[in-house]
Amino acid sequence: MQIWGKILGFLFGFMLSKTLFGGLLGLWLGHSFDKAKGLNFNRKSGFGDVGRQAEFFTNTFSVMGYVAKANGQVSSHEIAFATAYMDKLGLTGEMRQQAQEAFREGKSSEFPLEEKLRHLKSICASRNDLLLIFLEIQIQVAFADGELDSEERVALHNIARLLGFSAHDLDKLLEMIIAGAQFNQGAHAGRPGFNSKTQLENAYKVLGVDESSSEKEIKKAYRKLMSQHHPDKLIAKGLPPEMMESAKQKTQDIQAAYEMIAKK
């Protein structure tokens, strides 16, 4: 538990104002500092990036709850996905509690989705790569049970619109993510047939191209995707360090897909 911000805030507030009110104000400011510090966000980036990382983190899990509840009830698959995602990010203690609280908030019928996403978009400014990662995570939640129903599709289109993505952008992303999941499954299955035509077709879809695309077009798509999902670049733009593992996995899938196409 982080307490030094509270202690120092109270002491400085009291010394400067010579009043209990000043001490309490300092305590509150110190608590805000401790909360941000407890998230283990990158202090090198400055307060603005710390705030952006905190917003990205909490909104990821609150909107995840919103998507999970889109069809009226949260399935065991969606809960399992959220739990597995927290495990993947190594969230424990206070961090995990904050993620769980955000997820519960998103399931509320009064969850202010539009307000939350407009604010997230404003603090991410021109950092569309961050918003793309955010949308990809929500798509994975919707597919947690292996299918996408009409309510979940509507929810995803609403989220995409509020983040500034078109319906075409979302549909393209859906195709790429579905193909990515199938490609990843095939790469680890170790069964005959997975390194076949179907696997190669999935590799093309992972890169957002097709078999008729030229070598130049494929390489351009590959480089663009690697740049968009490069962990270090995303961290510099405001991705919480705790979410870097997801970006690493994505770049590995992109790399594997490109290598398969190059060897054909």
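Analyst: Here is a walk from the whole chain to the pocket and then to some residues and helices around it. The model is a predicted one, in which local features need pLDDT of at least 70, side-chain atom pairs count only at pLDDT 80 or more, and totals for chains, interfaces and linings use all residues. Residues are numbered from 1 along each chain as its sequence is written, and side-chain values use heavy atoms, with hydrogens and water left out.

The protein chain has 13 helices and zero strands; helices (H or I, at least four residues) and strands (E, at least two) are DSSP runs, numbered from the N terminus. Of its 264 residues, 41% count as buried, meaning under 20% relative accessible area, with exposed being over 50% and partly exposed in between (1.4 Å probe, protein chains only). Among contacts in the chain with a separation of 6 or more, 69% come from residues 24 or more positions apart; contact means heavy atoms within 4.5 Å.

Now to the pocket itself. The largest pocket holds about 710 Å³ of space. On a 1 Å grid over the protein atoms alone, a cavity is a set of points where a 1.4 Å probe fits but cannot get out, while a pocket is an open set with protein on both sides within 12 Å along at least five of seven lines; lining residues have an atom within 4 Å of a point. Grid points are joined across faces, edges and corners, and the volume is the space filled by probe spheres set on the points. There are 26 lining residues, and the closest to the centre are Gln140, Ile177, Gly180, Ala181 and Asp253.

Which helices supply this lining? At least two residues each come from α4 (76–88), α7 (128–142), α9 (167–189) and α13 (244–263), and α9 gives the largest share, with eight residues. By type, the lining has 13 nonpolar, nine polar and four charged residues. Here Ala, Val, Leu, Ile, Met, Phe, Trp, Tyr, Cys and Pro count as nonpolar, Asp, Glu, Lys and Arg as charged, and the others, Gly among them, as polar.

Let us look at one residue of α4. Phe81 is found in this helix and is buried, with a relative accessible area of 18%. Leaving aside residues up to four places away in sequence, Phe81 touches Met64, Ile137, Gln140, Val141 and Ala144. Gln140 is also one of the residues closest to the pocket centre. Phe81 and Asp145 are 64 residues apart in sequence, yet their C-alpha atoms are 8.9 Å apart in space.

Next, α7 has a partner in α6 (residues 113–124): their axes come within 9 Å and cross at roughly 145°. The axes are lines fitted to C-alpha atoms, for helices over the stretch in contact, and angles run from 0 to 180 degrees between N-to-C directions. Leu117, Leu120, Lys121 and Cys124 of α6 meet Leu130, Leu131 and Phe134 of α7, a set of six nonpolar residues, no polar and one charged.

Finally, Leu225 sits in helix α11 (residues 215–228). Leu225 is buried, with a relative accessible area of 9%, and touches Met176, Val206, Leu207 and Ile254, not counting residues up to four places away in sequence.
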